[in-house]
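Have the viewer open and follow along.

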Amino acid sequence: MRLRPWRHSDAPRIAEACSDPVSQQYLADLPRDYTEQDARTFVAMAHDAAREGRSLPWCLADPETDRPWGWLGVFGLGEKFAYGSGTVGYWTVPDARGKGVVTEALGLVAGHAFAPAPDDVRDPAGGLGLHRLAAQTDWRNAASQAAL
């Protein structure tokens, strides 16, 4: 598993994932006719949110080919009413499903989320310093439930 930032060159893979019927079923906010332009907008918004400290979005990539397998993000960071908390969201491209991609990524990201923040003297390398990480899944989405 490789976690990396999204690139605009990933737009075709993002569009593939977000136009898929399974993604459309469980990700209600997606446009019905998801395009590569929508994907480029997603990448720009992901970079903005990370730069502003509101979320950390990762591209889940094949470690050998660097081809995107999906997205996993921790969002809701820095919200005053939920200080020290974050929420996890994710999706995968159709050909990455059933391979344990999300399960592996969740383990890596949870470790980073709960590691002390860089300004914490307990661990100068640092993580996010969260004490709560939440996730939600649709009651019909058995694959997502298994990953969580």
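## Aromatic pairs

Two rings of Phe, Tyr or Trp count as a pair here if their centres lie within 6.5 Å, with the six-membered ring used for Trp. On that basis, this predicted model holds five aromatic pairs.

## Trp6 and its other partner

Is Trp6 buried or exposed? Its relative accessible area is 3%, and the cut-off for buried is under 20%, so Trp6 is buried. Trp6 also pairs with Trp91, this time in a tilted arrangement: 5.8 Å centre to centre, 35° between the planes. Trp91 is in strand β4 (residues 85–92) and Trp6 is in the β1–α1 loop, so the pair ties together parts that are 85 residues apart in sequence.

Like Trp6, Trp91 is buried. Zooming out a bit, ring pairs link Trp6, Phe42, Trp71 and Trp91 into a cluster.

## Helix α3

α3 covers residues 36–51, and at 1.5 Å a residue its 16 residues should span 22 Å; the end C-alpha atoms are 23 Å apart, which agrees. Which residues of α3 are buried? Ala39, Val43, Ala46 and Ala49 are. Looking down the axis of α3, its buried residues fall within an arc of 130°, so they line one face of the helix. Over on the other side, Met45 and Arg51 are exposed. The cover over the buried residues includes α1 (11–19) and β2 (55–61).

Thr35 caps the N-terminal end, with a side-chain oxygen 3.3 Å from the backbone nitrogen of Gln37. Just after the helix, Gly53 takes a positive phi of about 80°.

## Strand β4 and its neighbours

Back to β4, the strand that holds Trp91.

What does β4 pair with? With strand β3 (residues 68–75) the pairing is antiparallel, over six bridges, and Leu72 stands opposite Tyr90 of β4. With strand β5 (residues 132–135), β4 runs parallel and is joined by four bridges; there, Gly86 has Leu133 of β5 as its bridge partner.

How values were computed: Residues are numbered from 1 along each chain as its sequence is written. This is a predicted model: local features need pLDDT of at least 70, side-chain atom pairs count only at pLDDT 80 or more; totals for chains, interfaces and linings use all residues. Side-chain values use heavy atoms; hydrogens and water are left out. Helices (H or I, at least four residues) and strands (E, at least two) are DSSP runs, numbered from the N terminus. The expected span of a helix is 1.5 Å times one less than its number of residues. Buried means under 20% relative accessible area, exposed over 50%, partly exposed in between (1.4 Å probe, protein chains only). The arc is that of the directions from the helix axis to the C-beta atoms. Contact means heavy atoms within 4.5 Å. A polar contact is a pair of N or O atoms within 3.5 Å; within protein, one must be able to donate a hydrogen and the other to accept it, and residues adjacent in sequence count only if both atoms are side-chain atoms. Rings of Phe, Tyr and Trp (its six-membered ring) pair if their centres lie within 6.5 Å; planes under 30 degrees apart count as stacked, over 60 as edge-to-face and the rest as tilted. Two strands pair if DSSP finds at least two bridges between them.
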